[in-house]
Amino acid sequence: MTLQEAIISRHSVRKYQDRPISNIARFILEECIAKCNAESGLHIQLVTDERKALGLMFKGVSNYIVLAGNDSEDLDELCGYYGERIVLFVQQLGLNTCWAGFSAANIIRAFRLEKGERYCICIAVGYGENQGSPRSSKYFDDVAKVTGDVPSWFRSGVEAALLAPTARNQQAFRFELLEDEKVRAVSNWAPFSKVDLGIVKYHFEIGSGKDSSVWA
Ligand SMILES: Cc1cc2nc3c(=O)[nH]c(=O)nc-3n(C[C@H](O)[C@H](O)[C@H](O)COP(=O)(O)O)c2cc1C
């Protein structure tokens, strides 16, 4: 499955089969998390066989990924960006996910926080009872600002961002095409909108084929 295919097939899944992640999938997922931590400086952790943190919210879930890191201003956006990188990787592995903003994970604390670190959010992960389903979405013109012709890479980037998960499906983001093929991405204030911004920027990069140098 390519990343583009993962973007299309991913939907939030809230009911999971009561079975552990296979050893091979877990090994590969841990590797992906280690790579993201090394690149970002975040402290992302996989928690397995723990049913309390998300148990009231999602059925059958006993595994989740904790997004945490140094308590800096850009922590939420970084967690969104790298968390979604992991979400799409998990989708490629044939497992399912759902971001969980309002969970008891920060109270249960089945994970470690070093001095100066802050818990941000977590992501349920496991084998879904289903694959989730498509939901309503804003349109290109609702979230994109362009003067003149729309380059195909920019349109593809925005279309990929519109398929991204956002808290309560709020899609409170905008992409503006500037001079020299630079893009400004902003989010309106809303709960978890900074996490959302990191998520949609990752989708935009995949859809447009650009790397992070595209951001103004
Ligand atoms: C930052 C963030 C927080 C979220 N928190 C929750 C949550 O607490 N409970 C929940 O059921 N879904 C949560 N979601 C999932 C969204 O409701 C979901 O992504 C959105 O409705 C779009 O649906 P889709 O993911 O299937 O495309 C969250 C998503 C994001 C990105």
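## Helix packing, worked through

**Exercise 1.** List the residues through which H4 and H8 meet.

*Solution.* From H4, take Asp-76, Glu-77, Leu-78, Cys-79, Gly-80, Tyr-81, Glu-84 and Arg-85; they meet Lys-194, Val-195, Asp-196, Leu-197, Gly-198, Ile-199, Lys-201, Tyr-202 and His-203 in H8. Residues count as in contact if their C-beta atoms, placed from the backbone, lie within 7 Å. Now sort them by class: this contact has 7 nonpolar, 3 polar and 7 charged residues. Here Ala, Val, Leu, Ile, Met, Phe, Trp, Tyr, Cys and Pro are nonpolar, Asp, Glu, Lys and Arg are charged, and the others, Gly among them, are polar.

Some housekeeping before going on. You're looking at a predicted model, where local features need pLDDT of at least 70 and side-chain atom pairs count only at pLDDT 80 or more, while totals for chains, interfaces and linings use all residues. Numbering starts from 1 along each chain, following its sequence as written.

**Exercise 2.** Work out how H4 and H8 are oriented.

*Solution.* Start with the spans: H4 covers residues 75–92 and H8 covers residues 193–208. (Helices are DSSP runs of H or I with at least four residues, strands are E runs of at least two, and both are numbered from the N terminus.) The two helices pack at about 45°, with axes 6 Å apart, so H4 is oblique to H8. Axes are lines fitted to C-alpha atoms, for helices over the stretch in contact, and angles run from 0 to 180 degrees between N-to-C directions. Under 35 degrees is roughly parallel, over 145 roughly antiparallel, 65 to 115 roughly perpendicular, and the rest oblique.

**Exercise 3.** Now describe H7 against H8.

*Solution.* H7 (residues 152–162) and H8 have axes that come within 7 Å and cross at roughly 140°. That makes H7 oblique to H8, and the crossing is right-handed. On the H7 side you'll find Trp-153, Phe-154, Ser-156, Gly-157, Val-158, Glu-159, Ala-160 and Ala-161, meeting Val-200, His-203, Phe-204, Ile-206, Gly-207 and Ser-208 of H8. The tally is 8 nonpolar, 5 polar and 1 charged.

**Exercise 4.** Step back and see how domain 1 touches domain 2.

*Solution.* First, the bounds: an automatic or database domain assignment gives domain 1 (3–126) and domain 2 (140–210). Their centres, over C-alpha atoms, are 23 Å apart. Next, count: 17 residues of domain 1 contact 17 of domain 2. On the domain 1 side, the elements giving two or more residues are helix H1 (3–9), H4 and strand E4 (117–126), with H4 giving the most, 8 residues. That side divides into 9 nonpolar, 4 polar and 4 charged residues.

Terms used. Two residues are in contact if their C-beta atoms, placed from the backbone, lie within 7 Å. A crossing is left-handed if the near helix is turned anticlockwise from the far one by less than a right angle, and right-handed if clockwise.
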